[in-house]
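These are my notebook entries on a structure that I had not examined before. I set down what I looked up, topic by topic.

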Amino acid sequence: MSVARQAACIAAVVMAAAVSLASADEAAEWLSAEPLPTEPLFTEHVEPILRERCYGCHSHAAGVIEGGLALDWKSGWAEGGSRGPAIIPGDPEASLLIRAIRHVDPDLSMPDDRLPDHEVATLVNWVAGGAVDPRLLPAAAMEDRTDWWSLRPLTQPEVPAAAAECHPVDAFVDARLAEAGLASTVEADRRTLIRRLTIDLHGLPPTPAEVEAFVADRSPDAYSQLLDRLLASPRYGEQWARHWLDTIHFADTHGFEHDAFRPNAWRYRDYVIASFNADLPWDRFVKEQCAADVFAPEATDRRVALGYLGAGPYDHSAAITAPRSFEHLDRDDLVTQTMGAFASTTASCARCHAHKFDPISQDDYYALQSVFAGIGKGDVAYDPDPQTARDRQRWEQLAAAAQHRDETVLLAEEHAALVAAWEAARGDAAAWLPLELETISSAYGATLHRQADGSILVEGERPEVDVTTLVAKGPATITAIRLEVLADDSLPAQGPGRADNGNLHLNEVAVEVRRPAEPLATPVAIGLATADFNQEGWTIAQAIDGDPKTAWGIHPAVGQSHQAVFTFAEPLMLEADARLTVVLRQIHGGSHLIGRLRLTATDGDPQTAIALSAGGSRRFADSGGRADLSHSSSLVAAAVLGQRARQRLAELPPKEMVYAAAAVAENERGTIRYEKPREIRVLKRGDLEQPRQEVGPGALTAVTALEARFPLPAGHDESARRAALALWLIDPANPLTWRSMANRVWHFHFGRGLSDTPNDFGRMGSEPTHPQLLDWLACDLREHKSLKRLHRLICSSATYRRSSACSEEMVRLDPDNRLLARGSRRRLDADAIRDAILSTSGRLDLTMGGPGDQHFSQKPGPQLTPVLNYDDVDWDAPGMTRRSIYRVVWRGIPDPFFDAFDFPDLGLLVAARGESVSPLQSLVLLNNRFVLHHADAMAADIASDTAAAALLDQLREAVRRTWLREPTPQELAELEPIAATHGLAAVCRLLFNSNAFLYVE
Amino acid sequence: MTLRFRESLPPLPRRRFLTDAGGGFGAMAASAWLAGERAAASHGRGLEGLHHPARVRRVIQLFMNGGASPMDTFDYKPALERHDGQMLGPKEKPEGFTAAAGAVMKSPFAFARHGESGRWVSSVFPHQAGIVDRLTFLMAMTSKSNVHGPASYMMNTGFTLPGFPCLGAWISYGLGSISDELPEFVVLPDPRGLPYNQKANFTAGFLPARHQGTVIDAAASEPVPDLFAGEAFGFARGQADRDTRDALQRLNRQHAAEYPADSRLEARLAAGELAARMQLSAPEAFDLASETRGTHAAYGLDRPETEDFGRRCLLARRLIERGTRFVQVWSGPQGAINNWDNHGNIQTELPPMAMSVDQPITALVKDLEARGLLADTLVIWSTEFGRTPFAQGSLGRDHNGGSFVTWLTGAGVKPGVAYGASDDLGYQAAEGTTSSYDLHATILHLLGIDHEQLTFRTAGIDRRLTDVHGHVIGEVLA
């Protein structure tokens, strides 16, 4: 931007602030206008220097006013900073500014890089000449910047006086039409109305039968019944969810260099569909998406709503190699998304400097970043059944209590009963029977010596790692095996391990059965592992977790024997000729090997077989093996309850995942964990290398009725920040949220919002054509929180039902139909075209929900991103004819069919889809394999219908399905020769390409 | 609305700019829904015609995907030999480096001076060495990012984030097509795979969808997707296709007659006719058989090393010649091999890449010149960032947005000139620093567009290709 234009912009902002402009267009006029007549020295020579050299640290625009001195307005230097006025007009030598840039005053610390002499001279001349500065901004003007339509308090407007039975929406619209002297068109015919309403609410055309029934329905409330029926259908949620997913740039992959698939993103898509179908109150929808974990902690099934936080793109590569800038931009995306989607505010314009047009400071912006400073994107686990979550919580707490011997929990009444029951059931301690070892071997050359007591002592070669394999005959039934690792004087530190410190690491235990009749051994599942002692971080559970990197250890309890019991998931029947193989992998390295071991088995009650800690078993023995409750110690309880808790946890259904953002999330990098939120500071010029003051969580100061900084207690959880923002958004005193959504709903019904910039209600956006109507609708939404109510209100108006047929005169007077004297014609969007083709061809599969359908084949790519082929697909495969909302949207590799019809690039938020026309688009609709396949399918479907055997009947049926009316004789005459010569499919293809099919009147 | 591509130049006639943001349609001419040669602006800040006479009408951009090493190609650094093996790199790993910097590593390739301009070129580019006097070098380009995704976005869209329109889309939006018979913005990716960011490098972002790059698989039997119905669909081919579309146009015309005031319906009709014309002209454009054997050989189509890139360079010339406005030719897919991202071993990984493009690029420039096309065509050789003078491992080089090389040739630029310089090691830009903003501003300038005036309002901002930056690099303009 040239300096002159920048000056003009600043001037324009000043003016925009000082006078209320009639429209954004007018504001734009201001922006492009020539600079206001001012002293040329200042605008041409002085201001560029100030801007280049000073504003970075001394301006409102930068959000940095060091030393309290602002140089971007005259009053800034006139009042001056902490040391008083910066300029004394006419007296450069006495002016602090001049002294500072000359670096003559050591108290004025300035950057080292000095201004060139000619710039210093310019400023000196300017000050000497009286420091003429046209940048007059009355202080009050800054406050006035909140005097803007979208920020004004939302109060219920009076419905304009009209005939008593007049619909309120029409009263507002007709009042404007009357002012403009425009007459409205008549109501559209019924055929048009049902198509318009059905496509609007469902994204699908009505069936010919539905059309005929509605046309024939003479009851006075036929239309409102239709409206009710459509709103009650699950097709409604599918259509309106798509609008919301556009709005928040939701897709199924990351985008960027590593455009990886998110297999769990779809659960959020299903949440949105269900929410619209259930008419979830709008405030609850906002709250759940921002912080379901706070507002509904018990209702874990609502956690899917947090998929909202993970909707946007993710730069996996930058996350690894450039984490600071990655996180900064990732938070920026969430701020943009949240403020754009919920509040129609362009907050991110204030990332590098104060918002140029709207009253949003850098402080505000970074306060919003702070809201999201404790979360990262990835898969977040949750229990889809809240009861499971409660159970899980209970058993996890118990397991933790057992781990830490928390007596208040372990000896509590409810748990004492569990222990008593165990003791009662346990009877005698399990009898451990020796296993008859047939072979014993070391894979790495250690020498194994059988001892008289049935144990094995390891001697000789001490390899780094080893795998010990024992093959044995055993009792007919085995419920558990016990591995004793025994101290021995021959071992380092008396063992039981062979490491220098006497330790051992048992990485994995595997058990299998070999039967002569079976070629392969059968693995035996171990359900539970217990040990009398676990090294910190090296527990016995890690010996059966399938992860070769983890292991069971016994340090520092060396020099003493230990035991571990492996309880089988099911009792094992061991035939006489069958052999049990036990493999002990000790592959940690450093000779963490078992030095002496003994293997025994039991056929007793598995409950009795668990390994107790030393104290616990002693206590148990002391009580004669039949301790009653009063003798139970926390040691026994810890063992029993810990085992019970782990058993119960293992039985719970697994958690599900949703791609979201949270303090703990799983992604390609592993577990992403934010112990506490990142510190957020205002960044001068948005530059990470220039941090300024720290900012806590908050929102916009411009919404003056609400506290802009969230008063959260010290040490609060990050989730409290998201919750606070949600509450700020849905506060009845926040005018933005209600206006924003009421306008969106209008936008999707009419193709244009009352403000036609649905994501920007600021000065660069459009002011509403009918501000009072918008406020009236917003008040209704605020009061009832119901979108379905809003749809009913809008769609039942005469305004909505108007015919789009109109005179050229009407087009001349109101070309864009801003005053709504007529209905607006719209092209079906990409999703609706595909769904309409499926619906008319008779192939539409209305199965809802679940993982997305892949309209492509894929093969692995060179890195994380696969190679997709949208041409190589089977259009008849299961799921391939479901609605478009269920397709996988690959952010960086768009489907060419959808792409041609303006399915948006979801790298950014999409408030309104485009409606382009091009030759390539025409070719896609004519020749895309999907279209042709379904032209064929539709022809086959019609031909298979015996009632339509004659060609003319088939043609009529094809036209009925697509145009929802009977063909005229002239049309039939046009179509018949094509069908006769080239087949009915050629006609179906033609109909899919016809404007009557593509456009909604 | 078809314009002959050899109309007199410059200056281009001033044309009316039309609004096409959002969906205002009542007052809009049908031509506004299609892309005639015109520029568009949004929302009341309409531009009145092109801003100044254009020097360039069409552009071919050659993109070396992965980060072509400057100090092993065009940026000769004798200091690297002196400091070879010394630990002079940053102590801490800068953001975007994949590893800590190793020792300074000299180029394994011999450099020599070439041409009257005496430009240093390494031995990996023997063919381009022969045309250095026609090239205009930007020797100190910089990127905001050292990460492929954001850096590729920056070179293509001017932003480091997704969702923004690329250079080709902006040009299409600003100027429209030269010919209605070919797509106005064509992308020829490496057949081995898409670059980083996949197709998002070619996106129209928030601009109308028709401005996005048409991705063409040069090796496919039917390169333009959906130009014709597939063989399985006889009812949509040949005579059936012609009859059906004639009837379709008649029925659509009837339908439009019922709604006389809607230009979109007219536009769909016009698009249908243009589509038919494209079907006639596109196959000819993609048919390389009509080129002479000498041309095939010049572009390297007779050798496996150069065949693929040569074919796409030749195709680029044919498209440009027939009225495509902007063609982007990519060398190298994303991933660890077959591209310019030479982390492992510069000595073994760079030469095959360099060889695959060197002769085709040189042939393209000479061919364009011989045909007089260079008089209004700009060719750009570019990459997303450079590489470190420090070794990664012992033989490779890491990403470096600090300094890299771009060259331009053709209309409007000063041949044989080098602007800017990197520091002694080639690590950071030292003087004449430029960025994608400046490159884009310069390209738009040559096309007759003021980069500050080509805007589209979205989400409250009048977006530009150059964000709030960019200076036309006057030093390289002819």
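**Entry 1: a helix pair.** I began with the crossing of H30(A) and H33(A), which is left-handed; the term applies if the near helix is turned anticlockwise from the far one by less than a right angle, and right-handed applies if clockwise. Helices (H or I, at least four residues) and strands (E, at least two) are DSSP runs, numbered from the N terminus. Two packed helices are described by the angle between their axes and the distance between the axes. The axes are lines fitted to C-alpha atoms, for helices over the stretch in contact, and the angles run from 0 to 180 degrees between N-to-C directions. Angles under 35 degrees count as roughly parallel, over 145 as roughly antiparallel, 65 to 115 as roughly perpendicular and the rest as oblique.

I then listed the residues that make the contact. H30(A) supplies Ile837(A), Leu838(A), Thr840(A) and Ser841(A), while H33(A) supplies Val931(A), His934(A), Ala937(A), Met938(A) and Asp941(A). Two residues are in contact if their C-beta atoms, placed from the backbone, lie within 7 Å. By class I found five nonpolar, three polar and one charged residue. Ala, Val, Leu, Ile, Met, Phe, Trp, Tyr, Cys and Pro count as nonpolar, Asp, Glu, Lys and Arg as charged, and the others, Gly among them, as polar.

**Entry 2: the basis of the model.** I note that this is a predicted model, in which local features need pLDDT of at least 70 and side-chain atom pairs count only at pLDDT 80 or more, whereas totals for chains, interfaces and linings use all residues. Residues are numbered from 1 along each chain as its sequence is written, and chains are lettered from A and ligands numbered from 1 in the order in which they are written.

The pLDDT is the predictor's confidence in each residue, from 0 to 100. For chain A its mean is 87, and 90% of the residues reach 70 or more. In residues 1-38 of chain A the pLDDT is below 50, and this stretch has 52 contacts in the model beyond near neighbours in sequence. Residues 624-632 of chain A also have pLDDT below 50, with 13 contacts beyond near neighbours in sequence. Where pLDDT is low, the predicted coordinates should not be read in detail.

**Entry 3: chain A as a whole.** I recorded 37 helices and 26 strands in chain A. The C-alpha trace of chain A spans about 110 × 100 × 55 Å along its principal axes. Of its 1001 residues, 52% count as buried; a residue is buried if 20 or more other C-beta atoms lie within 10 Å of its own, exposed if 12 or fewer, and partly exposed in between, with C-beta atoms placed from the backbone.

**Entry 4: the two chains.** How many residues of chain A are in contact with chain B? I found 83, in contact with 80 residues of chain B. The largest share of this side of chain A, seven residues, comes from helix H32 (residues 919-927). The side of chain A that touches chain B divides into 34 nonpolar, 30 polar and 19 charged residues.

Entry 5: Helix H34 (residues 951-963) and helix H36 (residues 984-992) of chain A pack at an angle of about 25°, with their axes 10 Å apart. This makes H34(A) roughly parallel to H36(A). The crossing is right-handed. Among the residues that meet are Leu955(A) and Val959(A) in H34(A) and Val987(A) and Leu991(A) in H36(A). This contact has seven nonpolar, two polar and no charged residues.

**Entry 6: backbone exceptions.** Most residues other than glycine have a negative phi, and most peptide bonds are trans. I found a cis peptide bond from Gly495(A) to Pro496(A), with omega near 10°. Pro496(A) lies in the loop between strand S9 (477-485) and strand S10 (505-506) of chain A. The bond from His555(A) to Pro556(A) is cis, with omega near 5°.

Is Ala131(A) buried or exposed? Ala131(A) is buried, with 23 other C-beta atoms within 10 Å, and its phi is near 50°, a positive value. In chain B, Asp226(B) has a positive phi of about 60° and is buried, with 24 other C-beta atoms within 10 Å.
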